[in-house]
Amino acid sequence: MYLVETAPVRITFNIEGMNNGITITTPSVDPVNLNATLNVKTHVINQSTQTQQVQVINRLVDKSGSVLLKLSDSYALPAGEAFEFNQIGGIEQGLKLWSTDDPYLYKLNTLLLVDGKALDVADNNVGFRKFEFDQKHGFKLNNKPIKLIGFNRHQHYGYIGDALPNSLHKKDMQQFKELGFNVVRTAHYPQDDALLKACDELGILVYEEAPTWTGMQNSGKWWDNLEASARTMVRNHRNHPSVIIWGRVLTTEGMYLSYIMRSNKKTLTV
C-alpha cells in the first residue's frame, strides 16, 4: 500500500476509471521493416478552483537515453473537469522489438506542466511486439511461431503468505526463465505489479486470470464483484507488453457460459 500526495492538477491513476491514467497502445508494429506507431492517452484532472493551462509532454527514450519521439499538447482545463490528451507518433526505422529471447524495453516519460511548471510525472516501460493466434501455426510473436511452455503461479511464499516483497516476485520469474518457461498464468487472480514488471523485463508472456474459481456462487453480487475485479485488472496492467491473454472465468464451462450471457447484456469495455 502506498500513500501518494498529488497537486490539484494531476495525472489520474489507471484504476480510478475506464479512461483514467495513462493508456499506451501500439496500433501497428511491423517486424519486417522495423517500424511502429505509438498511441498515448493521458487522463488529467483539474481539482483546483480555476481554469489551468495544462501541457502534457510524452518522451519515448531508448536504453542509451536518447529521446526517439516527443509528443506535446496543451489545453485550457476548466476547474473541476478532466481531459484526455490523445497523442500519436511513430518510430520509422531501427525499431527494437520486444520478444521472449530479447525483451527490449523503451521508457515512456510523461510530464505534466501547468503554466510551464512541472506538477506530475510518470514513467512506463514500452515494449513493441506483434502477436497473434494462428490456426495453422499456433501462437506467433513478431511473425515467428513459438511453442508456449508455461506454468501456473500462485502468489505466496513460505512463512510470508501473500505479502511478498518485490524481490521474491522477480526471483520466482528468474527461476522459471532459467528452467525454460516462456509463459505464466496467474492462478487464479490478478497478481502484484512487480510480477508483471519482472515478466516485461525477463521476456515471459502472461495470461492474467480474473479472481474466480469453479465452485463460487452464482449470485448476482458475486458476478458483479467478478466483473468489477476483471475491469480493474485490465485497467491496472494493460500497458504491460508481456500480457497476451486476459482470463475471465476459470475452468468450468457452465459458469463461463453464464458469465458470457451476463456480459453480452452490457457494453464490453474496461
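Residues are numbered from 1 along each chain as its sequence is written, and side-chain values use heavy atoms, with hydrogens and water left out. Because the model is predicted, local features need pLDDT of at least 70 and side-chain atom pairs count only at pLDDT 80 or more, whereas totals for chains, interfaces and linings use all residues.

The chain contains four helices and 16 strands (DSSP runs numbered from the N terminus, with helices being H or I of at least four residues and strands being E of at least two). Of its 270 residues, 44% count as buried (buried means under 20% relative accessible area, exposed over 50% and partly exposed in between, with a 1.4 Å probe and protein chains only). Among contacts with a separation of 6 or more, 61% are accounted for by residues 24 or more positions apart (contact means heavy atoms within 4.5 Å).

Strand E4 (residues 35–46) has nine of its 12 residues buried, so this strand is largely enclosed by the rest of the structure. Strand E1 (residues 9–11) is joined to E4 in the antiparallel sense by three bridges (strands pair if DSSP finds at least two bridges between them), and Val9 stands opposite Asn46. Four bridges link strand E2 (residues 22–25) to E4, again antiparallel, with Lys41 as the bridge partner of Thr23. Strand E3 (residues 29–30) runs antiparallel to E4 over two bridges, and Asp30 faces Asn35 there. The hairpin of E3 and E4 has four residues between the strands, and in this hairpin Leu34 takes a positive phi near 55°. E4 also pairs with strand E7 (residues 82–91), antiparallel over 10 bridges; the partner of Thr37 in E7 is Gly90.

An open sheet of four strands has the order E6-E5-E8-E9, with antiparallel pairing. Strands E6 (67–77) and E9 (117–126) stand at the edges with a single partner strand each, so one side of each is left without a neighbour in the sheet. The twist from one strand to the next averages 15° (axes are lines fitted to C-alpha atoms, for helices over the stretch in contact, and angles run from 0 to 180 degrees between N-to-C directions). Within this sheet, E5 (residues 52–61) and E8 (residues 106–114) pair over eight bridges.

Asn58 lies in E5 and stands opposite Thr110 in E8. Asn58 is buried, with a relative accessible area of 1%. The side chains of Asn58 and Gln87 form a polar contact of 2.7 Å (a pair of N or O atoms within 3.5 Å; within protein, one must be able to donate a hydrogen and the other to accept it, and residues adjacent in sequence count only if both atoms are side-chain atoms). Beyond neighbours within four places in sequence, the contacts of Asn58 include Val40, Thr42, Leu69 and Leu108.

The largest nonpolar core has 26 residues, of which Leu38, Leu60 and Phe128 touch the most other members (a core is a set of buried Ala, Val, Leu, Ile, Met, Phe, Trp, Tyr and Cys residues joined through side-chain atoms within 4.5 Å). Elements E1, E2, E4, E5, E6, E7 and E8 each give two or more residues to this core. Apart from it lies another core of 12 residues, including Leu195, Leu196, Ile204 and Val206. Residues touched by Phe128, not counting those up to four places away in sequence, include Leu38, Leu60, Ile91, Trp98 and Tyr106.
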